[in-house]
Amino acid sequence: MDHAPLSAWPWENLGSYKYVLYGPFLARLIYSMIWEETRNPSWCLHILLLCALRGLVHQLWSSYCNMLFITRNHWILRQGIDFKQIDPEWHWDNFIILQAFMAGMALLSFPFLTNLPLWNTKGIICCMVLHMGISEPLYYWFHRLLHTQYFFSHYHSLHHASIVTQPFTVGLATFSEHLMMGVIIGIPTVGTWLFGYGSISLIYGYILVFDFLRCMGHSNVEIIPHALFQIFPFLKYFLYTPTYHCLHHTEMNTNFCLFMPLYDSIWKTINNKSWDLHKRTSSGTCKNERIADFVFLAHLVDVMATSHSPFFFRSLSSLKYSFKLFLLPMWPFLFVLMNFSWVLYKTFVAASYNLRGRLHQTWMVPRYGFQYFLPFAREGINKVIEEAILEADRMGVKVISLAALNKNESLNGGGTLYVNKHPNLRVRVVHGNTLTAAVILKEIPQNATQVFLTGATSKLGTAISLYLCRKKIFVLMLTQSSERFESIQREAPIDCQQFLVQVTKYQAAQHCKTWIIGKWCTPREQSWAPPGTHFHQFVVPPILGFRRDCTYGKLAAMRLPEDVEGLGYCEYTMERGVLHACHAGGVVHLLQGWTHHEVGAIDVDQIDVAWTAALSHGFKPV
């Protein structure tokens with residue numbers, strides 16, 4: 001396909017710099033605004049505005065399709081969208097650039113087309129006739145041609161590489177295919193102009209409705225009720241459905257139409273399953289929603305990180321989170337959303353993937369990181385988490401793993417609050433810190449003789465200290481509380497207690513090159529570390545790396561087994577296919593079939609057990 005004529009995009013090598021191709025339109029617009037004396041807006045303005053609106057239509061549809069908390073019960077195909085589909089669809093909007101240039105060439109060639117009224121009622125009728133009478137049958141036969149052996153293997157197979165269609169799948173096609181689509185769109189609009197009934201509103205309306213219907217057909221979410229066709233039986237021949245087009249992608253030699261199944265009916269290519277499957281999908285008789293086996297209960301981080309959710313920008317969520325300057329204009333909207341979250345008291349499904357026949361979901365607590373530290377908000381947050389656990393229990397979820405601040409010691413004692421309050425829970429509540437401790441400990445050099453530990457009296461800090469002292473490694477535990485230090489020291493075997501040393505200042509670690517950071521430390525505090533120090537971390541958020549002569553580890557994480565399916569998002573700042581260790585710990589709990597709750601203090605004896613179990617199931621250290 002790469003070598004077929006007109007299959008590659010001319011600006012393929014530009015990557016994301018392709019948007020400079022809009023430059024000539026912008027330059028022409030600026031020129032007309034400054035030097036041309038005219039009251040009418042430049043045609044370049046309409047092209048640019050229409051391109052922006054077309055992009056918005058596709059983005060809104062993509063956001064809707066990825067709102068699992070709304071759409072998952074109406075999915076037609078239940079497979080997830082993975083990176084193998086997301087990456088080819090990354091430049092889905094190439095066709096908008098192409099058709100902008102096609103429109104520009106038409107307007108330069110026929111200047112009289114620029115003098116159009118705002119509205120013309122006759123134009124709507126004319127446009128519909130041209131679409132139904134020319135564009136629809138033309139597309140039908142062009143589409144059938146694309147399914148012949150040569151054209152399918154050299155061109156159209158790219159589009160069908162996406163089995164589970166999405167709105168962005170619309171743009172996954174070769175240059176020549178979208179060139180022809182530009183002609184098909186142009187026939188009703190240019191034809192209406194030639195008949196003298198053209199208008200600006202018609203152009204906007206037709207093109208945006210065209211894009212809306214194509215996105216709908218590729219959405220994999222059935223939104224058209226079957227009752228509509230029962231009331232108006234003839235309508236099923238004039239409007240396709242997402243189910244109808246989904247059948248074309250799963251059983252390719254049927255359902256070739258653009259929007260009107262009438263032409264499939266005329267030329268005997270309609271899939272016999274179309275109406276029955278649509279009835280079952282839309283009515284709910286084939287919903288049978290699959291219950292998750294595992295739930296990772298996460299929470300929102302900060303205002304800008306909200307945009308990393310799949311239902312905001314699917315492409316960006318497929319990469320690890322980093323601040324994007326071009327998203328800054330969205331801050332006011334995201335800030336309003338943050339304030340609105342105060343009134344939400346129910347978790348929502350944010351993402352999912354499959355592992356060895358089991359469905360794994362991420363549920364999101366509608367609270368941001370800073371809200372967990374507001375005393376008046378704690379009771380409400382605990383109530384949301386408790387309701388999520390009880391709902392998971394009612395649904396038959398086997399394991400629910402608490403993320404980050406959802407298991408904060410001061411909030412709920414690392415999950416003990418819920419287990420003690422509801423002793424008959426069937427769902428296993430897991431904080432995953434046992435595997436987190438294991439990941440951190442396995443990163444420490446085998447020849448280390450001493451480590452410096454901040455956050456030493458936390459659950460993780462305590463477990464790390466007790467584990468290392470058993471290995472005869474000196475642990476400099478930074479804490480101001482002698483009482484808490486002595487309590488931890490008493491938990492260690494008598495012959496190992498000498499390896500736990502209380503320190504109260506960072507200066508005490510100025511000769512130690514292994515720092516384990518469990519509490520935020522400032523650049524000044526980091527300055528006490530000797531050159532060559534490595535900072536291991538379990539503090540959220542991670543500390544900033546100010547020392548160029550030192551190295552900084554990332555948060556504890558593990559890579560998923562290779563047989564994971566339907567994974568198309570990155571977990572916050574993690575790389576693709578990498579989970580926070582506490583998330584991985586919950587998955588291991590499920591795969592091992594353990595029946596105990598993992599809450600409260602970490603059992604030091606289970607650290608090596610959790611590590612061995614994770615490796616046995618195909619998890620890998622990052």
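Modeller: Let us begin with terms: two strands pair if DSSP finds at least two bridges between them. Helices (H or I, at least four residues) and strands (E, at least two) are DSSP runs, numbered from the N terminus. This is a predicted model, in which local features need pLDDT of at least 70 and side-chain atom pairs count only at pLDDT 80 or more, while totals for chains, interfaces and linings use all residues. Residues are numbered from 1 along each chain as its sequence is written, and side-chain values use heavy atoms, with hydrogens and water left out.

Biologist: Which residue in strand 9 is the bridge partner of Leu453?

Modeller: The partner is Ile516. Strand 6 (residues 450–453) and strand 9 (residues 514–517) run parallel and are joined by two bridges.

Biologist: In what order do the six strands of the open sheet lie?

Modeller: The order is 8-7-6-9-10-11, with parallel pairing. Strand 8 (500–503) and strand 11 (551–555) are the edge strands, each pairing on one side only.

Biologist: Which strands does helix 20 touch?

Modeller: Helix 20 (residues 459–470) packs on the sheet against strand 6, strand 7 (474–478), strand 8 and strand 9. Contact here means heavy atoms within 4.5 Å. The direction of helix 20 makes about 155° with that of strand 7; axes are lines fitted to C-alpha atoms, for helices over the stretch in contact, and angles run from 0 to 180 degrees between N-to-C directions. Helix 21 (residues 482–491) lies across strand 7 and strand 8, at about 175° to strand 8.

Biologist: Changing topic, how many cavities of 30 Å³ or more does the structure hold?

Modeller: There are six. On a 1 Å grid over the protein atoms alone, a cavity is a set of points where a 1.4 Å probe fits but cannot get out, and lining residues have an atom within 4 Å of a point. Grid points are joined across faces, edges and corners, and a volume is the space filled by probe spheres set on the points. The largest cavity holds about 250 Å³ of space. Its lining has 22 residues, with Asn66, Leu68, Trp75, Gly80 and Ile81 closest to the centre.

Biologist: Why does the largest cavity lie between domain 1 and domain 2?

Modeller: Because domain 1 (12–253) and domain 2 (294–431 + 580–603 + 613–621) both give residues to its lining. The domain bounds come from an automatic or database domain assignment.

Biologist: And which helix gives the most to the lining of the second largest cavity?

Modeller: Helix 6 does, with four residues. The second largest cavity has a volume of about 140 Å³.

Definitions and conventions
On a 1 Å grid over the protein atoms alone, a cavity is a set of points where a 1.4 Å probe fits but cannot get out, and a pocket is an open set with protein on both sides within 12 Å along at least five of seven lines; lining residues have an atom within 4 Å of a point.
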